[in-house]
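User: I am new to this structure and would like to go through it step by step. Could you show it to me before I ask?

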Amino acid sequence: MPSSPTNLSGASWLTRRAFCAGGVALAATALLPRRVFATTAADSVPPFALGVASGDPAPDGFVIWTRLAPRPLEPGGGMSSTPVGVEWVVAEDEALRHVVRRGTATASPEWAHSVHVEIDGLRPDRWYWYRFTTGGAASAVGRARTLPAAGATAQRLRFAFASCQKYEVGYYTAYEHMAREDLDLVVFLGDYIYEKDDDDEAVRPHGFREVFTLDDYRVRYALYKSDPALQAAHALAPWIVTWDDHEVSNDYAGAVHQFPERHTREEFLARRAAAYRAYYEHMPLRRSARPAGPDLPLYRRLAYGTLATFHVLDTRQYRTDQPAGPRRQSAGPQVLDPAATMLGAEQRRWFFDSLAGSRARWNIIAQQVIMAQVDVSTAGPGPIVDVDKWAGYEHERREILRFLRDRRIANPVVITGDIHSNWANELSTDFDDPAAPPVAVEFVGTSISSGGHGVDRPDHLDALLARNPCVKFHNNERGYVRCEVTPEEWRTDFRTVSDITRCDGRLLTRASFRVAAGQPRLQRI
Ligand code: FE
Ligand code: CA
C-alpha cells in the first residue's frame, strides 16, 4: 500500500499545538497513549515518552528502537533496576492489521532500558510500520522502509540530511516540516546533543550543567528526544546516523580533549566511554555498533540498490589532535603533516576499498566537517582556515580527493554538517588553482537549531564568495537539506525555516542545485 507522510503527520499525536509545546515540560508524554503501566515502579506514567525510531535499513529489514523512560529527566528514566519485556510488531500497514514479524525484547537497566531489535526477513524496497507495547502501554507507531535489493536498479532515492540540534537555542521547527516530506530515509551527520550547560541565547533553557557521567549523558539524550518534532521525524522514516564532536565534547580528537590540561587521557576516555554508551542507547543502531568501553564502531556502508551507496564516516574517534595554535589560523606547513589523520589508517583503508568496490551510480560520502578549502578571512592577506575541519588535515584530504580522481569513482557527493550554515561547494584536488577541474561536489547542511536564529550579513557573504571560487552558495539560516537522486541527476534543495525562536516558523526553499551524472559541477536551478 502506498503511503504518504500526510498519513503520519495527520496522526492525532502530531498536531501543530503538540509541536509548539516547548520547554522541559515533556509535552510528548502527555500526547502518547495514557494507559496504566504497572510492571515498573512508574505507575500510570507512559513509558514511551522518548518516541520510537528505525535505522540502518537493509534490503531485508532495519533496526527498530525505543527506550522505556516514564520520567526521562531522572537518571534511570524513572525505571526500576529490573529488566522489562517489551513486545514489538512489524506490519505492512499503518493500522498494524497485517503483522509480518513480532517478538519480545528485553529492556535491561544496563542499557538504560533501551530496545534495539534487528528486523530481518522482510521484502525489499517497501514501507513497514512498527510499534512497541509493554505492561498495557503502547508506543507511537513508526514507519520504516527496506532498501532496494542488492543489485536492483532503483530509479529514485529521496532523503534529507540534518545536523546540530542544540536544544535550548531554538525550536525544532525544521523537523516539524521534515516530518511532512516524502522521504525514503534521513541522514544525521552529528551534534545530536550538546554537552554544555545552558547557552546564553536559550529560548527554552534546560537548566542542566555540562555532562560528564553516563547518567548525565542519558538525561541529556532524554531531554533532546522528548521533543515531539524530533520524534515525528524519527517516526517518518529510517535514519542513518553518525556523530561529530558534541556527542562527547567540543572539538575533541580521538582521546584528546579540546583543552588537554582539563582531562588526562584516561579521564577523557572514561568520559568518551560514557558518552558513546549513551549514544548507542539512544540511536537506532545495529548490534555491530554496540560500544565496548571507549570504542564504538560507527563507520559503515549502505547500498540503495545500484543507484547510490552511502559511505558513512567517523571523523572524530580515530583523529589525531588538531594542529597546535588557534583554531582559525593561517594555512601554514603545520596542516601538511602526513601523520595527521581524521579517519585513522584502518578506516581510511576501509573507505578506499569501499569506494573502489562500489558499483553505485552515486557515491555519497556522509561525514562531519567541511571538506572544501574555505578561506574564512574577510580582510587581510589570508588565507585563514579552520583547523578542526579537513583544512587542518590537508595531507589526508588531498589523498582522498586524488583517490576520487585517479580511481574515477563514480559521482562522489560529500554531505556534511557541523558548521551551522549551508554551503554548496565544488571539490578539486588543488584548491589554490581555480582552473583545476572539480572531482566531487559537497553539500554542507545548516543546523536544525544550533547558533540560534541565523542572520546573513551581505558584506560578509560577498567577501566569502569572492575569496572562495569553489563555493557556489552560502547561507546562515536554520533548516535541513533535501536530496532527490535518479540515475541521470542529483537535485539538492536547501530547505530553511523563517524563525526558530518562535514555534510557527515557515518553510522556504532558499536555493536548489542540480548535478548531472558524470559532471561534478553545480548548476543552480
Ligand atoms: Fe554543531
Ligand atoms: Ca561540530
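User: What is the order of the strands in the open sheet of 7 strands?

Analyst: This is a predicted model, in which local features need pLDDT of at least 70 and side-chain atom pairs count only at pLDDT 80 or more, while totals for chains, interfaces and linings use all residues. Residues are numbered from 1 along each chain as its sequence is written, chains are lettered from A and ligands numbered from 1 in the order in which they are written, and side-chain values use heavy atoms, with hydrogens and water left out. Strands are DSSP runs of E with at least two residues, and helices are runs of H or I with at least four, numbered from the N terminus; two strands pair if DSSP finds at least two bridges between them. With mixed pairing, the order is β12-β13-β15-β17-β19-β18-β20.

User: Which are the edge strands of this sheet?

Analyst: An edge strand pairs on one side only. At one end of the order, β18 and β20 run antiparallel and are joined by 4 bridges, and Asn422 stands opposite Asn475 in β20. The edge strands are β12 (300-304) and β20 (471-475).

User: What covers the buried residues of α9?

Analyst: Buried means under 20% relative accessible area, exposed over 50%, and partly exposed in between, with a 1.4 Å probe and protein chains only. The buried residues of α9 are Glu394, Glu396, Arg397, Ile400, Leu401, Phe403 and Leu404. Counting contact as heavy atoms within 4.5 Å, the elements that cover them include α8 (344-357), β15 (362-366), β17 (412-416), β18 (422-427) and β19 (440-444).

User: Is Thr242 buried or exposed?

Analyst: Thr242 is found in the loop between β11 (239-241) and α7 (265-282). Leaving aside neighbours within four places in sequence, its contacts include Phe188, Tyr279, Leu298 and Asp314. With a relative accessible area of 1%, Thr242 is buried.

User: How far apart in space are Leu122 and Arg145, C-alpha to C-alpha?

Analyst: Leu122 lies in the loop between β5 (114-119) and β6 (127-134), and is buried, with a relative accessible area of 8%. Leu122 and Arg145 are 23 residues apart in sequence, and their C-alpha atoms are separated in space by 9.8 Å.
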